Amino acid sequence: MRSTMYRHLGAHITEREGIVGTHFAVWAPNAREVSLICDSNGWEHGRHQLRGSDSGNWSIFMPGIGPGDVYKYSLVDCSGNRVEKSDPFAFGAELRPKTASVVCDLNRYEWNDAEWLAHRAQTNWLEQPISIYEVHLGSWRKPTDGRQFFTYDELADQLIEYCSEMGYTHLQLMPVTEHPFDGSWGYQVTGYFAPTSRFGEPQDFMSFVDKCHQAGIAVLVDWVPAHFPTDQHALGNFDGTALYEHADPRRGFHPDWNTLIFNYGRFEVRDFLLSSARFWCEQYHVDGLRVDAVASMLYLDYSRPYGEWLPNDQGGRENWDAINFLKDLNTMVHGEFPGVVTIAEESTAWPGVSRPVYTGGLGFTMKWDMGWMNDSLRYMRREPVHRQHHQGELSFRMVYAFHENFVLPLSHDEVVHGKRSLIGQMPGDEWQQFANLRLLYSFQFASAGKKLLFMGGELAQWLEWNHDTQIDWPLLEFDRHKGIKQLLTDLNRVYREQRALHELDFQSEGFQWIQCDDWQHSTYALIRWSKDHKEGVVVLINMTPVVRYDYRVGVPSRGFYKEIFNSDAGIYGGSNVGNQGGQYSEPTPAHGQENSVSVILPPLSVIMLKVIAGKATN
């Protein structure tokens, strides 16, 4: 499963008979003729016609054209109409609103991340701490010198310092593939092989990834094989026919996004997408692909009313072509790029999304847990006095928590379109809003699963995310906002340091309820275990603003239970209620355990206790 079309189609700098130039090739099987148009021929159709072939590929060698030159294909389609198209395999693109493709030499960059790649190939990410900072490069931070964007190099330096300071292990970039409309956030892709020119050239993005790797930060990118926009210069109706999409709109048009849907049953289309996935792993050394909108690919009736979709050959709603494509994608990535992860944004109960293809699964490394996100936010929006009636909203997740390898996302989708910012969704007065936000983040880190937070959440910014502006950095002048950032920094540290909090994120042996049914007090208690069960972290959660004194909790062994984290600490903006460093256990049975500790539960808080071996009970 080589899927190396990008090495042959597109624009490739080469030498023929001692003459340096560029070889152009494009797939347009139904076109009557294809011309290259560029500066050197005055953008005139017919002056440099490509030669066709039985495979449907057209090609030409152009002497003297090299890096930085811009071009398009001018096609006479099957109906005799002339259309101008960008190169589907272009390695670069003009800055919007211009739409021409750019000749690029990807071999000019020398990588310095061999040590990282070797380490990555030997790493079992399922057992490692993964804390993801999700970023939209265009609106994370804005220059003050009148420019609209920082460059890739400038962003790399700033993000690396910031992520290292906060302790994030992974940086996830919203789509950096070329796109014409800023308001699509990159999810309507026109350049599946081109990093967006908003921030620089391809080598600049290579340098971005390289610098991250040298700093020990993994880079994930959003990748969008579910649909593509209808812009005239892009893939749609490429040679006068539905070449990349389905001709029938009941399969080829997406009603939610007004976009076109790939024809996954066509070999050339499937190979185009697989080649794109390979390209980002091979040429840009990315550490993972977060695959957008997987649910829309799996179901033929996704977001379609009765009568507006076509069933499969068996009369069902499963899109078998898309399913087989996803299996091929994950087989290729995991087989040929050890240590690279694939993460599905999939919001349904489709079984085995993150299970191996050879066992019948789709083969993703991990899947976003949209159920955890929805249940947690719905619960946290409730006034604390009402939470006792909804105890099961948080405990229900453990019924399915280990059916998949889950990432717990608090992503960009939760802070747009009128949903309000995360702190804006928290109930109560301002003190309670901050306490509830600290509680939400701490609950996320205490739960089984890898972690993801969208930029701005660490600032507790009040406004929804706006892609036209930067996140609200001035808020860090205020102690409560600075306290949220410090809380997440410490959560990342504790999460990395405590094996019990990450080694068995995807196995039931790593999680144990102590109690989840104390609805009268809206409290929960659980244990997270390390792989060898030699280390455990007891997590106690108080979902009300009432301090719980002398709260007895069963514990698995005798010893001193050191308080290693308290979300109510004063440094985070809390009330500084705690347990003076920890508590000794007592031989008093509770919650089915022979020993227990009597602790103070701070208001709206999570505390974490770790047993210290060798300290006997008084």
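Visitor: Which residue is the bridge partner of lysine 562 in E26?

Guide: Strands of a sheet pair through backbone hydrogen bonds, either parallel or antiparallel. In this predicted model, glycine 582 of E26 is the bridge partner of lysine 562. Strands (E, at least two residues) and helices (H or I, at least four) are DSSP runs, numbered from the N terminus. Residues are numbered from 1 along each chain as its sequence is written. As the model is predicted, local features need pLDDT of at least 70, and side-chain atom pairs count only at pLDDT 80 or more.

Visitor: How many bridges join E25 to E26?

Guide: Strand E25 (residues 560–566) and E26 run antiparallel and are joined by three bridges; two strands pair if DSSP finds at least two bridges between them.

Visitor: In what order do the strands of the open sheet lie?

Guide: The order of the six strands is E21-E22-E23-E28-E25-E26, with antiparallel pairing. At the edges are E21 (511–518) and E26 (582–584), each pairing on one side only.

Visitor: At what angle do helices H11 and H12 pack?

Guide: Axes are lines fitted to C-alpha atoms, for helices over the stretch in contact, and angles run from 0 to 180 degrees between N-to-C directions. H11 (residues 430–446) and H12 (residues 479–497) pack at about 15°, with axes 10 Å apart. The two helices are therefore roughly parallel, a term for angles under 35 degrees.

Visitor: Which residues of H11 meet H12?

Guide: Contact means heavy atoms within 4.5 Å. Among them are Trp431, Phe434 and Tyr441 in H11, while H12 contributes residues including Ile484, Leu488 and Tyr495.

Notes: Heavy atoms only, no water. Parallel < 35°, antiparallel > 145°, perpendicular 65-115°, else oblique.
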